[in-house]
Amino acid sequence: MLALGLSATLAQAHNVTAGDAGYIQEIWGVKIIPFMYLGAKHMVTGYDHILFLFGVVFFLYRMQHVAIYVSLFAIGHSTTMLLGVYYGWNVNPYIIDTLIGLSVVYKALDNLGAYQRWFGFQPDTKAATLIFGLIHGIGLATKILDYEIAEEGLIPNLLAFNIGVEIGQLLALAAILIVMGYWRRTHSFWRHAYTANVVMMSMGFLLMGYQLTGLFVTS
């Protein structure tokens, strides 16, 4: 029951809330500040995004490395979100959210060194971050398309939403880095780093299972 409840919470975290959906459907014209707020809110409350971001920076100690990986994720996320909404890409949300859960599992296994032990090589972490960023962006675009943003002011509003997403990402990243900074100074970090990534991987699997169940039930 606990696992099902947790997976449901994670799966719903990527959705646009009912109140926000109603607001999006009712407004028209250029609304820069409201869409920036909605974008930032989505990122800060999107547990799937934050889990992946947490995994990405888990073993990054230099700010220049953090900036590179987070920028790659942002480029991927922004590209497919903007293109997906503008061109109306119709992708099954259960499949996309399953892949988003997979991105969390992938990163946790990467942090655990599983690929080197299993296959004898290390996948390109930068390429993986960019690719999964593209997938996360499609997931967001799929949710936004459900609420049919008005054509009037569409491009400025999407750009404002994306700026808000990046602001939210920076806020989430700052909180993660502060917590990680304190944790890394303690003796418990290396003792519990393995466990933390196993927990993250389990949460990714729960999200995948929830979405696959929804796919089979609705098909």
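Author: Helix α5 passes helix α9 in a right-handed crossing, meaning that the near helix is turned clockwise from the far one by less than a right angle. Helices here are DSSP runs of H or I with at least four residues, numbered from the N terminus. This is a predicted model, in which local features need pLDDT of at least 70, side-chain atom pairs count only at pLDDT 80 or more, and totals for chains, interfaces and linings use all residues. Residues are numbered from 1 along each chain as its sequence is written, and side-chain values use heavy atoms, with hydrogens and water left out.

Reader: Which residues of α5 and α9 make the contact?

Author: Among them are Val 66, Phe 73 and Met 81 of α5, and Leu 158, Val 165 and Leu 173 of α9; contact means heavy atoms within 4.5 Å. By class, the contact of α5 with α9 has 17 nonpolar, four polar and one charged residues.

Reader: At what angle do the axes of α5 and α9 cross?

Author: The axes of α5 (residues 63-87) and α9 (residues 154-184) cross at roughly 150° and come within 11 Å. The two helices are therefore roughly antiparallel to each other, a term for angles over 145 degrees.

Reader: Turning to Ser 71, is this residue buried, partly exposed or exposed?

Author: Ser 71 lies in α5 and counts as partly exposed, at 38% relative accessibility; buried means under 20%, exposed over 50%, and partly exposed in between (1.4 Å probe, protein chains only).

Reader: And which residues are buried in α3?

Author: The buried residues of α3 include Phe 35, Leu 38 and Met 43.

Key:
Axes fitted to C-alpha atoms, helices over the stretch in contact; angles between N-to-C directions. Parallel < 35°, antiparallel > 145°, perpendicular 65-115°, else oblique. Nonpolar A, V, L, I, M, F, W, Y, C, P; charged D, E, K, R; others polar.
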